[in-house]
Amino acid sequence: MSRLAVEPVCPTCHASARHAPPIMPVRPLTPAVWLWSAPEAAAALRTRDLATILRVYRRVNGFNQERLAALLGYDKTYVSMIETGRRTISDVTTRRHIARVLGLPMHVLGVTDNDDADFAAMIQFGDSTIRLAEIARQSGRAVDAVNELWPLVARLEARAAEGRAERDTMILLGQGRAALGVSLGTVLPEERLAAAARWTGKALVVAERLGDPVFLAHALRMHGNELRKADHVGAAVVRLSRAVAVSDDREGRGAAFALLARAAGEQGNADLFDRAITGYRDLLDAEAGRGMLFNRFTSREIELRGLISTGRAAEAVRALQTDVSGPPVAPQWHIIERVTAGQVLLAAQHRDGATEAFRSALTAAEVHRLPHQVQRTIRAADDAGLAEISADGRAALQRLTDQLAPSSARR
């Protein structure tokens, strides 16, 4: 379990078994969170001057002094004196009260809250937690990634819901939401993938507010892909088309093209698929890719799947014979490719080769605990009448379900 966990609960087990999230708050984020993400408000916070902060708070919210005074429980004259500098507030209790009511970070007013030191420590290593979780997911340990990310995101959500969050905290919350959603999208069965799309969608909400183009492009890519996996392909195409437009670095744009090509293929939109895969190839030709979505191995898998989905099996068979240099960047991409290769081999009437590819995919998917890849293999085997593969897949899926069930359910 994560060092941030406050309960002895496995988040992946709860998410997989239809349980409610263990400690995730349900309150909506307060308007103050978004207020203090705005550039004008952020500049006011940096001054750490109470008079400036109150004036900006009123201006952004459209409050007059009377309304702000009522919110704080003070007289209008008292607020006016603070704003004009005729009254200096040095009392810690009063400053703490103002910070709590307005949703200000306590330290901005020179005071601390009981849990501020603990939260500050968490923020310091929060970015490292997210990066390490991403490494774990990409190396085939997505369950570990979920179990690390969930407690971090839960505490960030709780803090933000109380209105005590500044820009750096909101950026971390957005990154955590995106990473958690993608990790859940890796380990959850197909019928639960909507949960992953919800988390990446919440990351996109933060990205839209913060005005960070790099994070916005990332959030659009991740949310679009999770929407596709949750069978909301039309919405996925919209998000991923926008991701292509706003991605300004080669690898990010390549990743957006890759995911758009996959969504277009599943939509059966041959023209859009061709445009996306061509854009992807052009970028790869200009610069060798190293990212998980921007490399030759991934490019071929996406091309194979898109050609099959758009009714061009003969072209897919020819593309399968094309050699690609280097292994997959992440273990799950080997599994994804084996399932796709099996479908192409079936189209070429090579049942033995397809059976071998599916069996390899099932073995690896169970090792890496990827239930929806097992489900994808089962569907392909069912369509081809490969009864033995179907039975092996259902047995593997049941074992994974048992592994991810909460311990109380296994008793």
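Two rings of Phe, Tyr or Trp, the last taken by its six-membered ring, form a pair if their centres lie within 6.5 Å, and planes over 60 degrees apart make the pair edge-to-face. In the structure described here, which is a predicted model, this rule gives a count of 3 aromatic pairs. For Tyr74 and Tyr78 the ring centres are 5.0 Å apart and the planes stand at 80°, so this pair is edge-to-face. Tyr74 has a relative accessible area of 22% and is therefore partly exposed.

The chain contains 22 helices and 0 strands. Of its 411 residues, 54% are buried. Among the contacts between residues at least 6 apart in sequence, 63% join residues at least 24 apart.

Two helix pairs were examined. Two packed helices are described by the angle between their axes and the distance between the axes. Helix H12, residues 213–229, packs against helix H13, residues 233–246, at an angle of about 160°, and the two axes are 8 Å apart. Because angles over 145 degrees count as roughly antiparallel, H12 is roughly antiparallel to H13. The crossing of these two helices is left-handed. On the H12 side the contact is made by Leu216, Ala217, Leu220, Arg221, His223, Gly224, Asn225, Leu227 and Arg228, and on the H13 side by Val233, Ala235, Ala236, Arg239, Leu240, Arg242, Ala243 and Val246. Sorted by class, the residues of this contact are 10 nonpolar, 3 polar and 4 charged.

The second pair consists of helix H15, residues 270–286, and helix H16, residues 296–309, whose axes come within 11 Å and cross at roughly 165°. H15 and H16 are therefore roughly antiparallel to each other. The crossing of H15 and H16 is left-handed. From H15, the residues Phe273, Ile277, Tyr280, Arg281, Leu284 and Asp285 take part, and they meet Arg296, Thr298, Ser299, Ile302, Glu303, Gly306 and Leu307 of H16. The contact of H15 with H16 comprises 6 nonpolar, 3 polar and 4 charged residues.

Ala197 belongs to helix H11, which spans residues 193–210. With a relative accessibility of 6%, Ala197 counts as buried, because the cut-off for buried is under 20%. Apart from residues up to four places away in sequence, Ala197 touches His223, Glu226, Leu227 and Ala230. The C-alpha atoms of Ala197 and His223 are 6.0 Å apart, although 26 residues separate the two in sequence.

Ile335 is located in helix H18, residues 331–347. The relative accessible area of Ile335 is 0%, so this residue is buried. When residues up to four places away in sequence are not counted, Ile335 touches Ala361, Ala364, Ala365, His368, Leu370 and Gln373. Between the C-alpha atoms of Ile335 and Val374, which are 39 residues apart along the chain, the separation is 9.4 Å.

Ser390 lies in helix H21, residues 387–404. A relative accessible area of 4% places Ser390 among the buried residues. Leaving out neighbours within four places in sequence, the contacts of Ser390 are with Ile378, Ala381 and Asp382.

Note on methods
Residues are numbered from 1 along each chain as its sequence is written. This is a predicted model: local features need pLDDT of at least 70, side-chain atom pairs count only at pLDDT 80 or more; totals for chains, interfaces and linings use all residues. Side-chain values use heavy atoms; hydrogens and water are left out. Rings of Phe, Tyr and Trp (its six-membered ring) pair if their centres lie within 6.5 Å; planes under 30 degrees apart count as stacked, over 60 as edge-to-face and the rest as tilted. Buried means under 20% relative accessible area, exposed over 50%, partly exposed in between (1.4 Å probe, protein chains only). Axes are lines fitted to C-alpha atoms, for helices over the stretch in contact, and angles run from 0 to 180 degrees between N-to-C directions. Helices (H or I, at least four residues) and strands (E, at least two) are DSSP runs, numbered from the N terminus. Angles under 35 degrees count as roughly parallel, over 145 as roughly antiparallel, 65 to 115 as roughly perpendicular and the rest as oblique. A crossing is left-handed if the near helix is turned anticlockwise from the far one by less than a right angle, and right-handed if clockwise. Contact means heavy atoms within 4.5 Å. Ala, Val, Leu, Ile, Met, Phe, Trp, Tyr, Cys and Pro count as nonpolar, Asp, Glu, Lys and Arg as charged, and the others, Gly among them, as polar.
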